[in-house]
Amino acid sequence: MQFHHQGYVSTDPRILPASSIGENWTDDLPDEMDVLIVGTGPTGMITAAQLAQYPDVHTRIIDRRPERLELGHADGVQARSMETFQAFGFANRLSEEGYHITEMSVWKPDPQNPQNIIRTARPEDDPRGISEFPHLTISQARILDFFAESMAHSPTRMAPNYGVEFLGLEVAGEGEYPVSIRVRHTAGEREGQERTIRAKYVLGADGARSNVRSAIGRKLEGKQANHAWGVMDILARTDFPDIRLRSIIQSSSGGSILIIPREGGHLFRMYVDLGEVTAEQSREVRKTTLDEIIVKANNILHPYSVEVRHVVWNSVYEVGHRLTDKFDDVAVGVTGQTPRVFIAGDACHTHSAKAAQGMNVSMADGFNLGWKLGHVLSGRSPESLLDTYSTERQVVAQNLINFDREWSTLMAKRPEDFENSAELEDFAIRNAEFPAGFMTHYDPSMITALPKHQDLATGFPIGKRFKSAHVARVCDGNPLHLGHQATADGRWRIYVFADRPAAGQPSKLTDLSTWLAESPDSPILQYTPADADLDAVFDLNVVYQQPHTEFNITDAPDIFRPEVGPYKVLDNENVYSVLAGEDIFDERQIDRNGAIVVVRPDQYVSHVLPLDDAGGLVAFFAQNMLPLKNSRAGQHPSPERPALMVAS
């Protein structure tokens, strides 16, 4: 964490300097705003937290509830979400509170005594080391609290407006604030009052029964799986030995249980199989009582038992897989029209809860959309950038539904129906990367390049998330994860992996650095405002092949050590080197002749280029960034302008 560059800080350094929006923030919901978010669940809150980092973007988030959520139904946090939380600054605190899932136990009928269950397998949760972050469980309410804190500490000092219900909207398609939204106050001094507010964009993150989705004419299409489950968060006494493990239990009766330990050492969640139901039985099965669920659970657990002492929450649901045909208000097949209303999370895709994907995929929706809205509203990118949201995230949602359909079917199978007795656990291990959140792979677009030079860094696949690795920070020798230094501040990341010559010696790296620092074509200069710090839009980093002990920080080109803040101090924390025994060039298969890796603000790799392909870098950002009238490029008039490098 960096601070003091704006002046000495003696208070919480996570609280950023307030922008004019933050200085003038009031709890009253104004009549006009840039973005209105409906729903303070994980999807809405992560989008708000990302937008709160843009100092000049006025965002509001409303919820009909009168106050913060106390009891969240989602609890599973996948490793990809933890990477995201790291960018927002609270992964470590969340990890300390949460329950870490490191193993899974599988129980099946005893062949010698089928009415009893026995443990048949105990595989690791992440045997291949997919991520350095854990898979854990924690209350959804705590995640929302952390996002609320991030918003409150942001330049805009954002806070939710509780007690405001969305009623409907109209898109005029003209004017500065083309979306008119009708709301009703459900709490406070204005309770019962209806009013109309206006916004440039609206996000509906208001759940499976989304009123925003209905307002733009979208529908969830799909079908039920005709299988019902009872779920309960409980405190209980039990002799079942794996109650603190993620456990899959299949009984001879055909009933199944999924146990998910919760944070705090005592609470756990049970998904109890209530069996197949017909369409006619659907309404009746939802009337299943808590006592009936507990009896069913004990029958499945035999010879073990569970004595429920306290129920925090319980419900009955049927597995359903539904998806909308688009995630915004632009009609399918229509091009050239700017989307004004978006939907995300359960508002556009629903599935079972047992794969712990609902909250995780929904937050990824919000992270994807948040920076794009921020870029458009702050004038960095064209409105066409917003078209990529629905295109990218709908594919992810469809892949999730396909995975969940297969997983739910396996969970509902009777033990005797499996051709292979280890089929269930084999499926979980074989597909571990999907539920961990790492199978998302975005197709080529204005922000994701074709893999023409992928061979230069095969460990950073274009379109997939930037997988971190250890490096040494040259200025102080500290070993750290390169990816963990990227915060959710809306900046693009450019990682330059140096070629073979030692630091300070002529090389492709030094040629590139000169071009980046001096050429009017340089994206760093072209898209950074003249009155902003050099690193305001792009976070530029270099990684050397030599150990940090073999050169000085001052040997690195100045472009990697920019002046920041009113005192023009140098930022020395963007220069890295390999670690002994953990060479990032080897671990991520980076060409020893060097490479440029471009990463989006939401941590996905956008491009891989040779060090001498400045032209490729220019062409890429010309697709997704807007030129500025008053940029840093205008501060570098040079009759001897550095030549544009284009790799062969």
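Let me begin with a term: a residue counts as buried when its relative accessible area is under 20%, and as exposed when that value is over 50%, with partly exposed in between. Please bear in mind that this is a predicted model.

By that cut-off, Arg269 is buried, because its relative accessibility is 1%. Which residue does the Arg269 side chain meet in a salt bridge? The partner is Asp233, with an N to O distance of 2.6 Å. Asp233 lies in strand β12, residues 221-238, and Arg269 in strand β15, residues 268-276, so this pair ties together parts that are 36 residues apart in sequence. Asp233 is likewise buried, since its relative accessible area is 2%.

That salt bridge belongs to a set of 37 in the structure. Let me show two further pairs. Arg65 forms a salt bridge with Asp63, and their closest N and O atoms are 3.8 Å apart. Asp63 counts as buried at 9% relative accessibility, whereas Arg65, at 28%, is partly exposed. The other pair is Asp586 and Arg592, whose side chains meet at 2.9 Å, N to O. Is Asp586 buried or exposed? With a relative accessibility of 52%, Asp586 counts as exposed. Salt bridges can also share partners, and in this way Asp489, Arg491, Arg493, Asp535 and Asp539 are joined into one network.

The largest nonpolar core comprises 113 residues, and the members that touch the most others are Phe85, Phe147, Ile181 and Phe621. Which helix gives the most to this core? It is helix α9, residues 358-377, with a contribution of eight residues. Let us take Phe85 as an example. If we leave aside neighbours within four places in sequence, Phe85 is in contact with Val77, Phe90, Ala91, Leu94, Ile143, Phe147 and Met363. Phe147, in that list, is itself among the members with the most core neighbours.

Ser251 lies between strands β13, residues 246-250, and β14, residues 256-261. Despite its place in a loop, Ser251 is buried, with a relative accessible area of 4%. What does the Ser251 side chain reach? It reaches the backbone oxygen of Gly255, at 2.9 Å.

Thank you for your attention.

Technical notes
Residues are numbered from 1 along each chain as its sequence is written. This is a predicted model: local features need pLDDT of at least 70, side-chain atom pairs count only at pLDDT 80 or more; totals for chains, interfaces and linings use all residues. Side-chain values use heavy atoms; hydrogens and water are left out. A nonpolar core is a set of buried Ala, Val, Leu, Ile, Met, Phe, Trp, Tyr and Cys residues joined through side-chain atoms within 4.5 Å. Buried means under 20% relative accessible area, exposed over 50%, partly exposed in between (1.4 Å probe, protein chains only). Helices (H or I, at least four residues) and strands (E, at least two) are DSSP runs, numbered from the N terminus. Contact means heavy atoms within 4.5 Å. A polar contact is a pair of N or O atoms within 3.5 Å; within protein, one must be able to donate a hydrogen and the other to accept it, and residues adjacent in sequence count only if both atoms are side-chain atoms. A salt bridge is a side-chain nitrogen of Lys or Arg within 4 Å of a carboxyl oxygen of Asp or Glu.
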